Amino acid sequence: MLISPSILSADMANLKSEVDMLNASAAEWIHFDIMDGVFVPNLSFGFPILEAVRRCTRKPLDVHLMMVQPERYVERFKAAGANILTVQYEACAHLHRALEHIKKLGMKAGVALNPHTPASALEEIANLADLVLVMSVDPGFGGQAFIENSYDKVSRARALLQRKNSSAHVEVDGGVTLANAPRIKAAGADTLVAGSLVFTAAHPQEIIAKLAAV
Ligand code: DX5
Ligand code: ZN
């Protein structure tokens, strides 16, 4: 499995050492949960944090925009060092245009589906997205419980992508644990976001290695 730890749960007072830990771990990417307080009832962080982490790592930065009208900031996230830029399906009136814009700037384009949004929403953009992010919690906070319906939804998303000959990543985000990771993989995901599981662990690199080995 490809692991993308979410720094939302990292110790922000020691961010450099947290990134040093990730650099020496089996994490492939680093996940950034950007929250605007409108699309989700929480505020997290923005460009200064992304730019700072960019200076501390060579790993791809996997940026998840939980904000309204994300297309306003696509260029700025590119400039700040994002490699994968994921917008919420529910936040984009012109999702096709937003994904094309992200790709034109040289980033991988992701679309995130909230728990209530069916996998079938991917039908018309399956061949444009490089990544599908299945939200397995209601977005806005780390440390929430995994929504059980997400397994079937991952399978439906993967089946739709296969039917469309899309090799897009299927990433699962929210409530990922060592206990549910094997079933998430079996359902068809190839990428896992883990926030609290990693950053509350006594030995986070061990946890990341175990997730990667699933
Ligand atoms: C929630 C975020 C998730 C969250 C995952 O809105 O998108 O990435 O940080 O955190 P855990 O792994 O703690 O559920
Ligand atoms: Zn996320």
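Predicted model: local features only at pLDDT ≥ 70, side-chain atom pairs only at ≥ 80, totals over all residues.
1. Ala-112 is buried, at a relative accessible area of 0%. Buried means under 20% relative accessible area, exposed means over 50%, and partly exposed lies in between, using a 1.4 Å probe and protein chains only. Ala-112 sits in strand 5, residues 108-113. Strands here are DSSP runs of E with at least two residues, helices are runs of H or I with at least four, and both are numbered from the N terminus.

2. Residues are numbered from 1 along each chain as its sequence is written, chains are lettered from A and ligands numbered from 1 in the order in which they are written, and side-chain values use heavy atoms, with hydrogens and water left out.

3. Now the whole chain. The protein chain has 8 helices and 8 strands. Its radius of gyration is 16 Å, close to the 17 Å from the globule rule for 214 residues, so the chain is as compact as a globular protein of that length. That radius is taken over C-alpha atoms, and the globule rule is 2.2 Å times the number of residues to the power 0.38. Along the principal axes, the C-alpha atoms of the protein chain fill a box of roughly 40 × 35 × 30 Å. Of the 214 residues, 52% are buried.

4. Which residues coordinate the zinc ion (ligand 2)? They are His-31 (NE2), Asp-33 (OD), His-64 (ND1) and Asp-173 (OD), at 2.0 to 2.3 Å. Donors are N, O and S atoms within 2.8 Å of the metal (3.2 Å for Na, K and Ca); water is not among the atoms, so sites may look incomplete. Along the chain, the donors of the zinc ion (ligand 2) follow the spacing H-x1-D-x30-H-x108-D. Asp-33 in strand 2 and His-64 in strand 3 are 31 residues apart, a pair that links distant parts of the chain.

5. The site of the zinc ion (ligand 2) is irregular, with angles of 65 to 169 degrees among its 6 donor atoms. The cut-offs are these: four donors are tetrahedral if all angles lie between 85 and 135 degrees; four are square planar and six octahedral if opposite donors are over 155 degrees apart and all others between 65 and 115; anything else is irregular.

6. Next, the largest pocket. The space in the largest pocket is about 240 Å³. A pocket, on a 1 Å grid over the protein atoms alone, is an open set of points with protein on both sides within 12 Å along at least five of seven lines; lining residues have an atom within 4 Å of a point. The lining of the largest pocket has 25 residues, and Phe-141, Gly-142, Asp-173, Gly-174 and Gly-175 lie nearest its centre. Strand 2 (30-35), strand 3 (61-66), strand 8 (191-194) and helix 7 (196-199) each give at least two residues to this lining.

7. Two residues deserve a check of their backbone. Most residues other than glycine have a negative phi. Gln-69 has a positive phi, near 45 degrees, and is not a glycine. Gln-69 lies in the loop between strand 3 and helix 3 (74-80). Its relative accessibility is 43%, so Gln-69 counts as partly exposed. Asn-165, also not a glycine, has a positive phi of about 55 degrees. Asn-165 lies in the loop between helix 5 (150-163) and strand 7 (169-173). Asn-165 counts as exposed because its relative accessibility is 71%.

8. Last, some loop residues. Val-38 is in the loop between strand 2 and helix 2 (47-54). Val-38 counts as exposed, at 60% relative accessibility. Ser-44 is placed in the loop between strand 2 and helix 2. Ser-44 is partly exposed, at 27%. Asn-127 is in the loop between strand 5 and strand 6 (131-135). Asn-127 counts as exposed, at 55% relative accessibility. Asn-127 and Val-38 are 89 residues apart in sequence and 29 Å apart in space, C-alpha to C-alpha.

Methods. 1 Å grid on protein atoms, 1.4 Å probe; cavity = no way out; pocket = protein on both sides within 12 Å on 5 of 7 lines; lining within 4 Å. Points joined across faces, edges and corners; volume = space filled by probe spheres on them.
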